[in-house]
Amino acid sequence: MTDQEGTRRPKYQRIADELRTAIQSGDFAPGDRLPGENDLMSTYEVARMTARQALAVLRGEGLTEARKGAGVFVRAFRPLRRRGVPRLAGEGWGGGRSVWAAEIEDRALVVDQVTVAEEEAGPRIAQALNLAPHDTVCVRSRRFVLDDRPVLLSVSYLAADLVRGTAITRPDTGPGGTYARLAELGHRPVRFREELRCRMPTADETGRLTLPPGTPVVLIGRTAFTEPGRPVELNEMTLDASSYILEYDFDA
């Protein structure tokens, strides 16, 4: 960027640029308090609204978080590296391990807001699972909280006739989760397909994920298939985009 281009940028963006550079260079470490509105007003000789907008840019990028009555701090949360391919390997969940096991290491993971119910599939879910729209599906909904921070909402859909009366209909599906239970039922997943897209969150997603203003979400729709190619589960996930690094490592 040339000096002329820089001067054309709104002043709050230039202030945000300097603060961002300071965070990325380590001048402000995770957990450090950033200069407040009064500090920025004095340092840059700007109005309060300009200082407020500069801090809002960094919050919207997920770099900082506001603490009521204390100020704005560099986020100390360490993003979760989601390894899209190895996390679904059969030797993991087939051996009784969670698909999260290798990713969270020694971090604290809590699954809450768990509900399990039966509902009519409807056209969209029916198409994904090769069912009729009026067929019944088992719907498993839950929220994942990592290090006291909500990071993901997940809703799984499975044909009710396939899983009724099994551990899949319980809040805790047991070691290895849903995929291990499907394998025990003779419907072992052997292939997965994931589709990703991004958008801004709904009001419900913002509340359940405690998202700061301006934070987008990543939507991942994963379908699990058995050997004959039958889709046995559709899992629709909503991720806090600022909490994740999505890694895909595969051969050329």
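A surface patch, as the term is used here, joins residues with over 30% relative accessible area and no salt bridge, linking like charges within 9 Å and nonpolar side chains (Val, Leu, Ile, Met, Phe, Trp, Tyr) within 5 Å. A salt bridge is a side-chain nitrogen of Lys or Arg within 4 Å of a carboxyl oxygen of Asp or Glu.

The model is predicted: local features need pLDDT of at least 70, side-chain atom pairs count only at pLDDT 80 or more, and totals for chains, interfaces and linings use all residues. Residues are numbered from 1 along each chain as its sequence is written, and side-chain values use heavy atoms, with hydrogens and water left out.

Val85, Leu196, Tyr248 and Phe250 form a nonpolar surface patch with about 390 Å² of accessible area together (Shrake-Rupley method, 1.4 Å probe, only the protein chains shown counting as cover). Leu196 lies in strand S7, residues 191-199 (strands are DSSP E runs of at least two residues, helices H or I runs of at least four, numbered from the N terminus). Leu196 is partly exposed at 41% relative accessibility; buried means under 20%, exposed over 50%, and partly exposed in between, with a 1.4 Å probe and protein chains only.

Turning to helix H9, residues 177-184, six of its eight residues are buried, so H9 is largely enclosed by the rest of the structure. Gly186, which follows H9, has a positive phi, near 90°.

Finally, Thr50 sits in helix H4, residues 48-60, and is buried at 18% relative accessible area. Leaving aside residues up to four places away in sequence, Thr50 touches Lys11, Tyr12 and Ile15 (heavy atoms within 4.5 Å).
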